[in-house]
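This briefing is intended for a reader who is new to the structure shown below.

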Amino acid sequence: MRIFGIITGLCALFCQATAQNIPLNKYGLAVLSSKQQYDQLIKADSNQRLVNLEHYIPGIRKDVRYATTNNFTKQRLYTKTDIYLRLPAAKALKAVQEALRKKGYGLLIYDAYRPYHVTEAMFKIVPNDLYAADPRKGSGHNRGVAVDLSMVHLKTNQPVAMPTDFDDFTFKAHQNYNPADPVVAANRKLLRDTMTQFGFKGSSTEWWHYYLPDYKRYPLMDIFF
Ligand SMILES: [Zn+2]
């Protein structure tokens, strides 16, 4: 009870301190949008730091579809393919990579931190929140604690079989879809079990999407790294 009170008190202090420094956008959302605001934030709380996953997690693979036209918008939304997450999410992902490595698998990242204006651009192209996050709410990706990913076989470096391709918004991507192929079901389960073991929550509609449950601690951001 006492610890709970202390934590709540600290959070109130923190959230106020950060919210004060971040101007509200047209939807009334606090979106951090300058390097100066970011520096202030990480000075107050080092867990807010965004880390480059390729530096932080040895051997991690990526296939950043939004830097190509091979994505659901058919447009190139990123100019770079760097993948970043907040420190606690990067730490958890590092533990996932290590656990999977012992079983012969590695992580394949499709998307991680996503600047807020990219979420706005996606929603303009596909204005349906079944497919793209509504900018009036923002996304866990804008907070740097959501990640889209799959696995590769370490022996072949090839992606494992999953129920669908990335960003396939059909029922087959849902958690309660039962794949006919037991290998596909096992791959999806291994990814989900391992991600969950290290603190991530999975999506019920996108097998590739995971996020930290305390995402509200991390403000929406709109800066490129
Ligand atoms: Zn996602």
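This is a predicted model: local features need pLDDT of at least 70, side-chain atom pairs count only at pLDDT 80 or more; totals for chains, interfaces and linings use all residues.

**Backbone features and zinc site**

D167 is located in the loop between β6 and α6.

*Residues with positive phi*

- Most residues other than glycine have a negative phi.
- D167 is not a glycine, yet its phi is positive, at about 60°.
- With a relative accessible area of 11%, D167 is buried, since the limit for that class is under 20%.
- N157 likewise is not a glycine and has a positive phi, of about 70°.
- The loop between β6 and α6 (182–197) also holds N157.
- N157 is partly exposed, its relative accessible area being 42%; this value falls between the cut-offs of 20% and 50%.

*The zinc ion*

- The zinc ion has as its protein donors H141 through NE2, D148 through OD and H209 through ND1.
- These donors lie 2.0 to 2.1 Å from the zinc ion.
- Along the chain, the donors are spaced as H-x6-D-x60-H.
- H141 belongs to the loop between α5 (116–125) and β6 (146–153), whereas H209 belongs to strand β8 (residues 209–211); the pair therefore ties together parts that are 68 residues apart in sequence.
- H141 and H209 are both buried.

Notes: Residues are numbered from 1 along each chain as its sequence is written. Side-chain values use heavy atoms; hydrogens and water are left out. Donors are N, O and S atoms within 2.8 Å of the metal (3.2 Å for Na, K and Ca); water is not among the atoms, so sites may look incomplete. Helices (H or I, at least four residues) and strands (E, at least two) are DSSP runs, numbered from the N terminus. Buried means under 20% relative accessible area, exposed over 50%, partly exposed in between (1.4 Å probe, protein chains only).
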